Each structure stands twice: as structure tokens, then as C-alpha cells.
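Hi,

Here's the structure I promised to pass on. Have a look at it first, and my notes on the pockets, a surface patch and a couple of backbone angles follow below.

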Amino acid sequence: PPDERYGADLHVQHLQRLVSELGLCNLVLVGSSLGGGIVLRMLCVPWSDRPTLLGLILEGAAAYNHQIPLMMRQLAAPAGRLLMVEWIRKQAGKLGLARRTVDRSIRRCFFDPGTAAPDLADRYLEILDSSRAIHAYRETVRNLVPADMEKVVQRYCHIDMPTLVCWGQNDQIISPLYGQRLVADIAGAQLTLIEDCGHAPHLEQPAR
């Protein structure tokens, strides 16, 4: 059912409930990549007990329809279902297929892969060594672009808070051109392009 899918609306509902149950207010919302798209959606759909929001930071945000990265498409494809089978998943690990795939993904996300934390690949592999994690990942990718995406995009112009849009200038996952589009759609938003940086500025250029 739509309200039980690993889609944007489910993430939004959980975030709104989290903010409400913790009694948070005077927030600066920060969203990176898919998280940026989810935060934007959260601001553009009904929010009954919305707290005071002081600002918004969007980092390489998945804010529009764009090409989904190959690794994500492969996991969501029918062949990716094979990874739900434990012995196949273990065999892929023994053959080094999983590590090569994760390493390739990290290389695409970073301008300089040498700046990635030494254990980053191991952490991802540990997460993916679970049929439940694979299931959640596959379903998230399948529901990545909401059917009403364009309607939400049209509401960006109603966002009424200070907004910083930051982007790695060398982002190979989501083009910095989308950052320029965001500052055009959100009144008063400011764009900062970070040199020598890929898709994860908070990991690659944390000081900036």
C-alpha cells in the first residue's frame, strides 16, 4: 500500500513524528542527497504541528527528477533480488564483488577518494550484509521519485526561511546545475559551490 512503502512520504511522516514527540523547535533543518529531497517535501506537505523553523541547509539535494545512479538501479532491478538469498550474498562477498561495487560507488561520490574514512567501505558492507537491509534499499530505490514530484517542486517558491544550498563542484551523482535551479526556485536562497569536492561535502570537506 502507498502508505507503507519505503517512499518519501513514509520518511516525512517519521521525521514529523520525531520532531513532535521530542518537542523540538527553533530548528535548522539539514538534508543531504536523498535527505535533502525528503526535507524539502516535509516543508511542502501539510504539517499539523509544525514548529518554529529558523533555516534550511540543502547539500547535493535530490530535489528534482534526475538519473538514478547505476549501482542503485542495479540493486533495484530483478537481478538485485538475488542478494536477498543469503548464500548468494555471502558468495558475492567472498568473490569480492560486493567490495568492488561499494568501492566504485565511493570513488564516484568523492572528488578525492583518499579523503574517505578508511573504514567507510567496511561500514557500508556491514550494513548491506543483511537481507532486510537489501530489501529496504531496493524498495527505497523503487519508490525514489514520488508520483507527485512536480507538484511538490512547484511549492518550493513558498519556502519562507533563510536557505543555504551547498554543492560539491565536482558532484558526479547530482549535478551542481540542480543547485542553481534550487536557488532560483527558493526565494532568497544562497548557493555555495565547494571546490575539489564530490557528492558528500560533509564527509569530504567537513571544515568548509
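The largest pocket comes out at a volume of about 1,100 Å³. A pocket here, on a 1 Å grid over the protein atoms alone, is an open set of points where a 1.4 Å probe fits, with protein on both sides within 12 Å along at least five of seven lines, and lining residues have an atom within 4 Å of a point. Grid points are joined across faces, edges and corners, and the volume is the space filled by probe spheres set on the points.

Bear in mind that this is a predicted model: local features need pLDDT of at least 70 and side-chain atom pairs count only at pLDDT 80 or more, while totals for chains, interfaces and linings use all residues. Residues are numbered from 1 along each chain as its sequence is written, and side-chain values use heavy atoms, with hydrogens and water left out.

Back to that largest pocket: 35 residues line it, and Ser 33, Met 72, Cys 109, Tyr 124 and Tyr 137 lie nearest its centre. Helices H3 (70-76), H5 (97-109), H6 (120-128), H7 (131-142) and H10 (201-204) each give two or more residues to the lining, with H5 giving the most, seven. Helices are DSSP runs of H or I, at least four residues, and strands are runs of E, at least two, numbered from the N terminus. By class, the lining splits into 24 nonpolar, nine polar and two charged residues (nonpolar is Ala, Val, Leu, Ile, Met, Phe, Trp, Tyr, Cys and Pro; charged is Asp, Glu, Lys and Arg; the others, Gly among them, are polar).

The second largest pocket holds about 450 Å³ of space. It has 19 lining residues, with Leu 75, Leu 83, Ala 92, Ala 98 and Thr 101 the closest to its centre. H3, H4 (86-94), H5 and H6 each supply at least two of the lining residues, and H4 gives the most, with five. This lining has 12 nonpolar, four polar and three charged residues.

Now the backbone. Most residues other than glycine have a negative phi. Ser 33, in the loop between E1 and helix H2 (34-44), has a positive phi of about 55°. Asn 26 has a phi near 55° too, and is found in the loop between H1 and strand E1 (27-32).

Finally, Leu 15, Leu 18, Leu 22 and Leu 24 form a nonpolar surface patch. Leu 15 is found in helix H1 (residues 8-21).

Cheers

Note on methods. Patches are made of residues with over 30% relative accessible area and no salt bridge: like charges are joined within 9 Å, nonpolar side chains (Val, Leu, Ile, Met, Phe, Trp, Tyr) within 5 Å. Accessible areas come from the Shrake-Rupley method with a 1.4 Å probe; for residues, only the protein chains shown count as cover. A salt bridge is a side-chain nitrogen of Lys or Arg within 4 Å of a carboxyl oxygen of Asp or Glu.
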